[in-house]
Amino acid sequence: MTIIFPSPVFGPVKSRRLGISLGINLLPSDGKVCSFDCIYCECGLNGENRPSSPLPTRQEVKDHLEDKLQEMVATQELPDVITFAGNGEPTIHPNFSEIIDDTIKLRDKYAPRAKVSVLSNATFLHQPATVKALHKVDNNILKLDTVDMPFINLVNQPNCNYDVAKTIELMKMLDGDLIIQTMFLKGEYKGNSVDNTGSEFVEPWIAQLKQINPRQVMIYTIDRETPVKGLLKASKEELDEIGERLKEENFNVSISY
């Protein structure tokens, strides 16, 4: 079942990777807006959920977040993390950097122990304002499912001018101030294998991770129903094996099965 999140604030929800997470959705509440169109996305495919509502304004985000944090303070149920996620790519929002500043100020006032996290596909790293904002958050979590461009075109389906080699160069310029998040999955799509768990995918990916030097690598697999049929979870054994390879290279690794 496709999940479309409320906007601009939703949750809190229990995140496999981040704990009790209060979500910020900078996209409309009635559809998906993303520079990728991943075939495993819980929000569905872009063409199936086109929104008719506008993006929330900076002021709307600020007001809704403050109201929710005040409510959580009153019930003494503060979040572990405030996460920019939701119905697509958060850095698409034209006021992303200003909203990050507002969020950090509100976090410091109401929930100083909470981490601010951004889940992004890294398609806007060419924008200096976006990079500056990402350096301000606690967890700058960037997607890199593989370094194989045909696989990316098949599975992530960028609808922007995306080049993985250029993206990796931009990631390297972050000087380690990032977390890499990678989805491992198996199955078929349009008659092609979508299995990125084998060494022919994992070894080149690790080689590039050594160049990027992230402070953590998050690996995970499908957890919910996918919009495209025929996709399968990577097994615990496969994820553990990939995790061991990462640990051999001295990466800090988290695995979500």
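**A walk around strand 5**

Residues are numbered from 1 along each chain as its sequence is written, and the side-chain values use heavy atoms, without hydrogens and water. This is a predicted model: local features need pLDDT of at least 70, side-chain atom pairs count only at pLDDT 80 or more, and totals for chains, interfaces and linings use all residues.

Let's stay with strand 5. Strand 5 and strand 6 (residues 179-183) run parallel and are joined by three bridges; two strands pair if DSSP finds at least two bridges between them. Strand 4 (residues 115-120) also runs parallel to strand 5, with four bridges joining them, and L119 stands opposite I141. Between strand 4 and strand 5 the chain passes through helix 3 (residues 128-136), in a right-handed β-α-β crossover: with the strands pointing away from the viewer, the path from the first strand over the helix to the second runs clockwise.

How enclosed is strand 5? Five of the five residues of strand 5 (residues 139-143) are buried, so the strand is largely enclosed by the rest of the structure. Buried means under 20% relative accessible area, exposed over 50% and partly exposed in between, using a 1.4 Å probe and protein chains only. N139, I141 and K143 point one way, while N140 and L142 point the other way.

Now for the aromatic rings. The structure holds five aromatic pairs; rings of Phe, Tyr and Trp (its six-membered ring) pair if their centres lie within 6.5 Å, and planes under 30 degrees apart count as stacked, over 60 as edge-to-face and the rest as tilted. One of them is F36 with Y162, edge-to-face at 5.2 Å centre to centre and 80 degrees between the planes.

Terms used: Helices (H or I, at least four residues) and strands (E, at least two) are DSSP runs, numbered from the N terminus.
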